[in-house]
Amino acid sequence: MIAEAGGRPAPLEILGPDHGGGRLADVLPSALAVLGVPGSTDPLGLGPALAGVRRIAVLLVDGLGWYQLPTAAPYAPTVAGLAATVARPLIAGFPSTTPTSLVSLGTGVAPGAHGVLGFTVRVPGTERVLTHTDWAADPSPLRWQPVPTQLERARAAGVTTTVVSRPEFGGSGLTVAANRGGDFRGAAGGDAVATAMLAALAAGTGPTLVSGYHADLDRHGHVSGVDSAPWRVAATEVDDLVARLVDGLPPDAALLVTADHGQLDIPAAHRFDLDTDPRLRAGVRLVAGEARVRYLHVEPGAVDDVRAAWAEVLGPAARVRTRDEVVATGWFGPVPEEHLGRIGDVVVTCNDTYAVMASRTERPMASKLVAYHGSDTAAELTVPLLVVRG
C-alpha cells in the first residue's frame with residue numbers, strides 16, 4: 001500500500017514488529033529514568049527535554065490512535081495544538097487491544113513476556129476463555145502476569161506512585177497485572193480523572209509518578225463509530241481533561257499523553273460470522289481473541305484442515321497462520337512455554353476493514369459494534385505520545 005504524504009504509512013498498511021520509532025512499552029521505563037530510578041533506561045530519549053522534572057503524570061486515552069488525531073482536531077483544540085508541536089508516534093504492540101497494551105505500558109515489556117496476549121485468551125489446560133476486562137482473581141494475576149510492573153520498580157526506589165482509573169477497576173485482575181505497585185484512586189469521567197491526577201501529582205513530596213486512564217472515547221467509537229456525534233462529544237471531553245492537566249502541572253512536573261490503540265469502522269459487507277458458517281466451525285474446539293484477531297484452538301490433528309478452510313472462506317480478507325508462524329514474526333517478542341497455549345493453534349489476522357464476528361457465542365453486543373481494533377494495520381497500532389512540561 002502506498003504511504004501517505006510525508007512517508008507516514010497509509011492507515012490500512014500492515015506494519016511489522018520492526019517498524020521504526022518507539023514503543024508504548026518504552027513510556028514508563030523512560031519516565032522512571034527521568035525520575036532517577038536506578039537501573040532504568042530511557043529508550044524514548046526523554047531525559048534532555050525533561051531535565052529537572054521530579055513529577056510525571058502519564059495519561060492513557062483509550063482509543064486515541066495517531067490516525068484519529070486529525071479527526072478529533074476540530075473538537076479537541078488543545079490536543080490538536082500539542083499534536084502539532086510536541087507529538088511523536090509510538091507502536092502499541094500486537095494485538096492492538098486494550099488489555100495487551102495496558103499491560104505492555106505497565107510492565108515495559110512485550111506481550112510474550114507478560115502473557116496478556118489478547119482481549120480474550122484460552123486458559124491453557126482448560127476449556128475456559130478468559131476475558132481480561134472481566135477478570136477478577138482467577139487465575140491469580142501474580143501468576144498469570146509474572147513480570148514486575150514499572151510502578152513496583154518505582155515505588156521500591158522511593159517514588160510516590162498512584163493509579164487513577166474508573167472505580168470499578170480497582171483490584172481487578174487487569175489492574176493488578178498492569179499497575180500493581182500504585183495506590184489506586186477511582187475516578188469516573190474526565191473531570192474526576194483530572195482532579196484525582198492533579199491531586200496525586202501535587203501530594204508527593206519527592207519523585208512522583210501518576211498513571212491515569214480514560215475510557216470514554218473508545219467506548220463511543222465502538223458503539224457509534226469514529227467521528228460519530230457521540231465520538232465527537234467524547235473527543236471534546238478528552239480535550240477538556242488534557243487542558244486541565246496541562247494548566248495544573250506544577251513547575252517541576254511533566255505530562256505524557258498516549259493511547260492503547262486506534263480504531264477502524266467495519267462495514268457490514270466486511271463482516272464474517274463464524275457462528276453461522278459451518279465451514280468456519282469445522283474442527284474448531286474453542287475460539288478466543290476478538291473480531292480482528294481470532295485465536296482458533298482446534299481438535300487434535302485438525303490444524304491443516306482448519307487453516308485451509310479459513311483461508312478459503314476469508315480469502316484476501318485475512319492472513320491465516322499457525323501459532324508458530326505468528327510467534328516467529330516477532331510481534332509478541334519471546335514467548336515462554338507457559339504462555340504459548342494462550343495463543344490459538346491457528347491465528348487469523350484481518351486485513352483492510354474486515355472482521356470475523358461470533359454472533360451467538362460472544363457477548364450480544366460484540367458483533368453489533370461499529371468500530372473495532374486488534375490487528376496490525378497502521379491505524380490500529382500507531383498511537384501518539386504528547387510530552388508537556390509544567
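Author: Contact, or touching, means heavy atoms within 4.5 Å. This is a predicted model, in which local features need pLDDT of at least 70 and side-chain atom pairs count only at pLDDT 80 or more, while totals for chains, interfaces and linings use all residues. Residues are numbered from 1 along each chain as its sequence is written, and side-chain values use heavy atoms, with hydrogens and water left out.

Reader: Which residues does Ser172 touch, leaving aside those up to four places away in sequence?

Author: Ser172 lies in the loop between strand E6 (160-165) and helix H8 (173-179); helices (H or I, at least four residues) and strands (E, at least two) are DSSP runs, numbered from the N terminus. Its C-alpha atom is separated by 6.3 Å from that of Trp135, a residue 37 places away along the chain. With residues up to four places away set aside, the partners of Ser172 are Trp135 and Ala136.

Reader: Is Ser172 buried or exposed?

Author: Buried means under 20% relative accessible area, exposed over 50%, and partly exposed in between, with a 1.4 Å probe and protein chains only. The relative accessible area of Ser172 is 14%, so Ser172 counts as buried.

Reader: How many helices and strands does the chain have?

Author: E6 and H8, on either side of the loop that holds Ser172, are two of these elements. In total, the chain has 16 helices and 18 strands.

Reader: What is the radius of gyration of the chain, and why does it agree with a compact globule?

Author: The radius is taken over C-alpha atoms, and the globule rule is 2.2 Å times the number of residues to the power 0.38. The C-alpha atoms fill a box of roughly 60 × 45 × 35 Å along the principal axes. For 390 residues a compact globule would have a radius near 21 Å, and the chain agrees because its own value is 20 Å.

Reader: What share of the contacts between residues at least 6 apart in sequence joins residues at least 24 apart?

Author: Buried residues make up 57% of the 390 residues. As for the contacts between residues at least 6 apart, the share that joins residues at least 24 apart is 74%.

Reader: How many residues of H4 are buried?

Author: Helix H4 spans residues 98-107. The buried ones include Thr98, Leu102, Gly106 and Thr107. Their cover includes helix H1, strand E2 (55-61), helix H5 (111-114), helix H7 (150-156), H8 and strand E8 (208-214). H4 is mostly covered, and the count of buried residues is ten of ten.

Reader: Which residue follows H1 with a positive phi?

Author: H1 covers residues 27-34, and seven of its eight residues are buried. Val27, Leu28 and Val34 are among them. After H1, the residue with a positive phi, near 85°, is Gly36.

Reader: What is omega for the peptide bond from Asp138 to Pro139?

Author: Most peptide bonds are trans. The bond from Phe94 to Pro95 is cis, with omega near -5°, and Pro95 lies in the loop between strand E3 (87-91) and H4. Pro139 has its place in the loop between strand E5 (129-131) and helix H6 (141-144). Its bond from Asp138 is also cis, and omega is about 0°.

Reader: In which loop does Asn351 lie?

Author: Asn351 is buried because its relative accessible area is 13%. Beyond residues up to four places away, it touches Ile14, Arg292, Pro316, Ala317, Ala318 and Arg319. Its loop is the one between strand E15 (346-350) and strand E16 (355-357).

Reader: What is the relative accessible area of His297?

Author: His297 lies in strand E13 (residues 293-298). With residues up to four places away set aside, its contacts include Arg122, Val284, Leu286, Ile343 and Asp345. His297 counts as buried because its relative accessible area is 1%.
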